[in-house]
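I began with the terms and then went through the strands.

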Amino acid sequence: MWRFAGFVILACCGTTSLIAQPHQGCTTEPEFAPKVVSNVDSTVTFICDRATPMDLIRAVGHQTRIPIGIVIGEDAGLLSKPIHSYHLVKMDARSALQEAIQGTGYALRDEIPVLVLIAGDLTDRQMDLLTRSYSDFKGEPGGTMVELGADLSMWMEASLDRGFGFGGSIMYSTNDERFTLGDCSGETTEQIANKIISLGSKGMWVFKANAFAASDKLRDEVIMEPYQHYSNKPNIEH
């Protein structure tokens, strides 16, 4: 089944790759050990004059620590092209996500504990990969969230039997959380992704797949974005 080249793992030292400029208004930059503030009600404050729906979606995840999944459809730019002015103050996560996807054709689905945003223009091929099951999937023991996502992407690629290698590099911080996923036999791409981002400090997954045919230019993959290195402070543009 496996026809893959190994990943080259590049370790970051201290805060070298995690720049310590945590707040840029509409976005939040990664930090080695970000300050986490109390947000027991899991609310979202996002005040920005020019932001994309994806900026708001990431802010929801960072501020609430609720796991989020995003299924990209045929038009991969629907969440990144529109620019909006947002003024959300202590809004609940579901309402904030509904605000983010308004007019995009995306729908919000509750896969407890994960909130999944799914594109309205998902093709048959993309749906097939999202719902594809694996009889003997096993993530690498002690892997980071990003590494487990790479494992899932490799298994998804292997299930297509395309017969070419899979390589790349994964940047990580020396204090990254590490996990052993456990048995996922018979579970689908989406179910496994949900399990991965529900671990530890939680995170977000983004499913990207070619709409109609396999391509060497665009990989079919599930990208993991852990919340661990992001502050949960409100996003307020000054």
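I took two strands as paired if DSSP finds at least two bridges between them. Helices (H or I, at least four residues) and strands (E, at least two) are DSSP runs, numbered from the N terminus. The model is predicted, so I kept in mind that local features need pLDDT of at least 70 and side-chain atom pairs count only at pLDDT 80 or more, while totals for chains, interfaces and linings use all residues. Residues are numbered from 1 along each chain as its sequence is written, and side-chain values use heavy atoms, without hydrogens and water.

Entry one: the hairpin. I found β7 and β8 paired in the antiparallel sense over five bridges. Two residues connect β7 to β8 in a hairpin. I noted Leu 115 in β8 as the bridge partner of Asp 110.

Entry two: the parallel pair. Strand β5 (residues 68–71) runs parallel to strand β8 (residues 114–118), and four bridges join them. I saw Val 71 opposite Ile 118 in β8.

Which order do the five strands take? I read it as β7-β8-β5-β12-β13, in an open sheet with mixed pairing.

Entry four: the helices. I took contact as heavy atoms within 4.5 Å. Axes are lines fitted to C-alpha atoms, for helices over the stretch in contact, and angles run from 0 to 180 degrees between N-to-C directions. Helix α2 (residues 93–101) lies across β5, β7 and β8, at about 150° to β7. Helix α5 (residues 189–197) packs on the sheet and makes about 155° with β12 (203–208) in direction.
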